[in-house]
Amino acid sequence: MVKQLVTAQNDFFATHKSKDVAFRKKYLKKLLQEIEDQEDAVCDALYADFKKPKFESLATETQLTLAELKHAIKNIKEWSEPNSVGPSLLNFPSKEWIQPEPYGKVLIISPWNYPFLLTMSPLIGALSAGNTAILKPSEFSPNTSKIIGRIVRKVFPPEYVTVVEGGVEASTELLAEKWEYIFFTGSTRVGKIVYQKAAEHLTPVTLELSGKNPCIVDETASIKLASKRIAWGKFINAGQTCIAPDYILVHKSVKNDLVAGLKSHIEQFYGNTIENSEDFARITTSKHYEELKAMLQGQKILFGGNFNDKDRFVEPTLVDEPPLESTVMEGEVFGPILPIISYDDESELDNYISRYPNSLAFYVFSTNKKFQKRMMLQYSFGGGTINDTVVHISNKSLPFGGVGQSGIGGYHGKHSFDLFSHHKSIVKRANWLDIPLRYAPYTISLGLMKKIKHFF
Ligand code: NAD
């Protein structure tokens with residue numbers, strides 16, 4: 001079945017229909033309409049998968065998708081046009097430009113934590129650029145995967161866009177095919193498998209992976225705002241956010257105030273009995289739920305620490321000064337558990353941050369401009385925010401992605417269009433002049449040759 005889909009998409013791409021800007025716009029508009037019609041059903045599916053609160057589903061899944069769609073529809077014509085560049089004197093007389101062209105058929109593999117957004121957002125980029133696409137959403141958010149399938153079947157013919165549901169076997173079968181582009185969002189472990197499969201055909205990839213994101217709070221920070229913004233960014237989606245702050249490095253002098261602020265904001269957001277809050281999601285998979293439970297073994301808990309196996313509830317939990325060898329400080333914490341580590345002097349920070357290189361996100365809370373700048377320049381990370389968390393994802397002008405261990409490539413807005421386009425360089429020469437200097441036999445003296453170097 002996968003082979004047939006792949007052949008159908010190859011044949012369809014060869015008709016050049018998907019390259020036509022009017023065609024692309026027509027289908028993006030249809031998709032927009034269908035998502036608007038199905039918005040409540042998408043939210044219901046997300047609730048069925050992991051009790052995602054409706055407000056969060058609207059804010060972080062459907063509305064971001066719709067905004068991305070509207071932005072693409074508005075700008076696609078301009079993005080698709082050839083981009084003139086200043087001609088080189090060496091080519092005189094000439095016109096020179098960059099022509100974006102689609103790659104062909106794109107494979108998009110997505111995870112379960114923002115299952116709607118992380119499938120639709122790359123799809124919008126792929127189609128804006130004129131590609132066809134096959135989507136493989138996660139098996140761990142089955143209700144959302146189903147509605148993605150329903151929407152796609154209603155809007156697109158399968159030779160243009162189609163959904164393959166299933167788990168590792170489905171992914172493996174898809175990866176065995178030759179693709180012109182692969183866009184993968186998920187764990188670094190699986191990202192490496194995808195990269196290897198892509199290499200067999202020299203297929204370009206985007207890998208949106210994970211990292212252990214530091215959140216530094218220095219002694220000059222506004223603790224009131226820092227605690228509110230950290231609590232929001234950490235506990236939205238029950239901590240299952242790839243760019244959530246993973247662990248806090250706080251200056252000793254403000255640690256107690258920060259902890260008090262975090263506790264108070266968690267209670268303000270979700271009440272005293274958090275399990276009963278309609279605004280707090282559940283852990284999506286039993287595997288991750290069990291991992292989170294295990295992480296708290298032997299730790300000193302400052303707040304929270306309760307679980308409920310019945311629906312995979314994990315209470316927002318603050319962990320005090322965990323040893324660096326413990327599991328909570330080994331890899332990414334993909335849930336509502338926040339380790340808090342204090343430091344005395346800035347020189348100690350590097351010992352923690354350099355342990356987990358190339359984080360996907362990076363946060364600094366400080367009013368010291370020199371410190372902010374030092375932190376932003378000193379470390380390599382996907383993207384970051386000063387004095388807030390997560391919000392750098394919200395600006396379509398900023399490319400979203402990782403570096404090194406946390407990924408390859410950045411997308412959103414025009415960056416998505418560029419990512420899914422090959423940028424062809426084209427020179428058009430005029431015929432009325434043909435300067436003979438470059439042709440053999442070479443008659444120009446070597447001295448003169450060196451003098452005209454500034455033409456190069
Ligand atoms: P995952 O890597 O386990 O799975 C992602 C996708 O890959 C799923 O569709 C899955 O079916 C498929 N897959 C799993 N094993 C495979 C294999 N052996 N071969 C081929 N395909 C396979 O990730 P997940 O658990 O679904 O998602 C959570 C992870 O994703 C976290 O680490 C998180 O940080 C990361 N993430 C990153 C971003 C980002 O934008 N960088 C966004 C969301 C999540």
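By class, how many nonpolar, polar and charged residues does the lining of the largest pocket have?

Guide: This is a predicted model, where local features need pLDDT of at least 70, side-chain atom pairs need 80 or more, and totals for chains, interfaces and linings use all residues. Residues are numbered from 1 along each chain as its sequence is written, and side-chain values use heavy atoms, without hydrogens or water.

The lining has 18 nonpolar, 15 polar and ten charged residues. Here Ala, Val, Leu, Ile, Met, Phe, Trp, Tyr, Cys and Pro are nonpolar, Asp, Glu, Lys and Arg charged, and the others, Gly among them, polar. In total, 43 residues line the largest pocket. Nearest its centre lie Ser187, Arg189, Val190, Lys287 and His288. A pocket is an open set of points on a 1 Å grid over the protein atoms alone, with protein on both sides within 12 Å along at least five of seven lines; lining residues have an atom within 4 Å of a point.

The space is about 1,200 Å³.

Helix H7 (188–199) gives the most, with seven residues. Helix H6 (168–175), strand E6 (181–185) and helix H10 (286–295) each supply at least two. Domain 1 (2–209 + 408–423) and domain 2 (214–401) each contribute at least three lining residues.

Ser187 also figures at the ligand, where it is among the closest of 27 surrounding residues (a heavy atom within 4 Å). Lys136, Glu139, Leu209 and Glu332 are the others named as closest.

How values were computed
On a 1 Å grid over the protein atoms alone, a cavity is a set of points where a 1.4 Å probe fits but cannot get out, and a pocket is an open set with protein on both sides within 12 Å along at least five of seven lines; lining residues have an atom within 4 Å of a point. Grid points are joined across faces, edges and corners, and a volume is the space filled by probe spheres set on the points. Helices (H or I, at least four residues) and strands (E, at least two) are DSSP runs, numbered from the N terminus. Domain bounds come from an automatic or database domain assignment.
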